[in-house]
Amino acid sequence: MIPVTKPFLPNREKLNQYLDGIYERNWLTNNGPLVQELTSKLEEYLGVENLLLVSNGTLALQIAYRALGINEPVNRKPAEAITTPFTFIATASSLKWEGVQPVFADIDPATWCLAPENIEAKITSQTRAIVPVHVFGNACDVEAISTIAQKHNLKVIYDASHAFGVHYKGESLLKHGDAATLSFHATKLFHTVEGGAIVFKRKEDLERAKKMINFGITGPEHIEELGINAKVNELQAAMGLCVLDEIEQISADRQAVTEAYNHFLDGKFQKQRIQAGASFNHAYYPAALENEAKVIELMSSLRDSGVLARRYFYPSLDSVSALEATSTTCPESRKLAERIVCLPIYSGLKVEEIEMISKKVLEVAQ
Ligand SMILES: *Cc1c(COP(=O)(O)O)cnc(C)c1O
């Protein structure tokens, strides 16, 4: 079976050494030495400051909303955040979970990210934030979004779950927005089994979030504010340190997979237009086929050959009733969600396998 992605398993000896240290110290969680080491190594690798590790990418979003205060009602009614419908459910469900109503604005049909020109029409007196997604690692139009946010005094929280290591104009993409969140789930480019991080623009927001992830406790007998448990533990950090040591190889492997697919498939279907000035991390290999019938045909022909492609991201979130979005729909997102399929990409995927998968795509796409 060839899955759409495989969790990367780092060198076992190295992991064992970290585990030996954990056994010696008997310090398993609550900001242990490995969590501190991973925090500074990630800041260095990514080229950012004010990074906070948290237990997953969904809580990263929720803590970011709370640290920035966007969950607070406006005139005793729920606040609103403008977001994209073309993403993983957690972007929008995390808002709803925090009592913020997601309001969907449509995507750009070429970049597949939230289109800045669709944002302003959705702003109301309730709007507190914009929550765009660097979908499949493609940088949003951060400058246009920042201009709109400043004009209307809104916070910007980027769901950067796919954008690990992406640079824009020579700097980390994660520096854009009041906060940017990452997911370190096992299936992501970089992982800690489960985990995530928030990169804050301002140190004071980081400090508030630090308290929040540990129940609001600030001392042995002191509880300063409302909090939750979103801590990472030493075992997660040990995995992260090992994976980070091999990140260059992981990235090179994924780039090679992308290049092999491109070699077999170039020009056979619509690809995402990558933002000018941005690097690309090869986290996904999405293909937009002509229509949904072709997607279904391809999925089933791949399944017959033991290949599991995935329809990331379907359905378009403006059609998910649990999110209680307003009646306006996002036609570009719905059209794309019907046509999209992500092909397998991971370290260790063989060229013969890529060729076999590509042949199936060509049978359907031509
Ligand atoms: C994976 C993902 C999340 C959620 O991250 P978890 O670590 O699984 O909680 C949120 N948003 C996007 C876009 C994702 O792909």
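The model described here is predicted. Just after H8, Gly267 adopts a positive phi of about 85°.

The buried residues of H8 are Ile247, Ile250, Arg254, Val257, Thr258, Ala260, Tyr261, Asn262 and Leu265.

Ser358 belongs to helix H11. With a relative accessibility of 1%, Ser358 counts as buried, because the cut-off for burial is under 20%. Apart from its neighbours within four places in sequence, Ser358 is in contact with Tyr261, Phe264 and Leu265. Of these residues, Tyr261 and Leu265 are among the buried residues of H8.

Lys350 is placed in the loop between E13 and H11. Its relative accessible area is 46%, and Lys350 is therefore partly exposed. The C-alpha atoms of Lys350 and Val257 are separated by 8.1 Å, although the two residues are 93 residues apart along the chain.

## The crossing of H3 and H6

Two packed helices are described by the angle between their axes and the distance between the axes. The axes of helix H3 (residues 57-67) and helix H6 (residues 203-212) come within 9 Å and cross at roughly 120°. That angle makes H3 oblique to H6. The crossing of H3 and H6 is right-handed.

On the H3 side, Ile63, Arg66 and Ala67 meet Asp205, Arg208, Ala209 and Met212 of H6. The residues of this contact comprise four nonpolar and three charged, with no polar ones.

## Backbone features in loops

Most residues other than glycine have a negative phi, and most peptide bonds are trans. Asn31 has a positive phi near 50° and is located in the loop between helix H1 (12-25) and H2. Asn31 is partly exposed, with a relative accessible area of 47%. Lys169, also not a glycine, has a positive phi of about 50°. Lys169 lies in the loop between strand E6 (167-168) and strand E7 (171-172) and is exposed, at a relative accessible area of 56%.

A cis peptide bond, with omega about 0°, joins Tyr312 and Phe313. A cis peptide bond also joins Tyr314 and Pro315, with omega about 0°. Phe313 lies in the loop between helix H9 (292-304) and helix H10 (331-339), and Pro315 is likewise found in the loop between H9 and H10.

How values were computed:
Residues are numbered from 1 along each chain as its sequence is written. This is a predicted model: local features need pLDDT of at least 70, side-chain atom pairs count only at pLDDT 80 or more; totals for chains, interfaces and linings use all residues. Side-chain values use heavy atoms; hydrogens and water are left out. Buried means under 20% relative accessible area, exposed over 50%, partly exposed in between (1.4 Å probe, protein chains only). Helices (H or I, at least four residues) and strands (E, at least two) are DSSP runs, numbered from the N terminus. Axes are lines fitted to C-alpha atoms, for helices over the stretch in contact, and angles run from 0 to 180 degrees between N-to-C directions. Angles under 35 degrees count as roughly parallel, over 145 as roughly antiparallel, 65 to 115 as roughly perpendicular and the rest as oblique. A crossing is left-handed if the near helix is turned anticlockwise from the far one by less than a right angle, and right-handed if clockwise. Contact means heavy atoms within 4.5 Å. Ala, Val, Leu, Ile, Met, Phe, Trp, Tyr, Cys and Pro count as nonpolar, Asp, Glu, Lys and Arg as charged, and the others, Gly among them, as polar.
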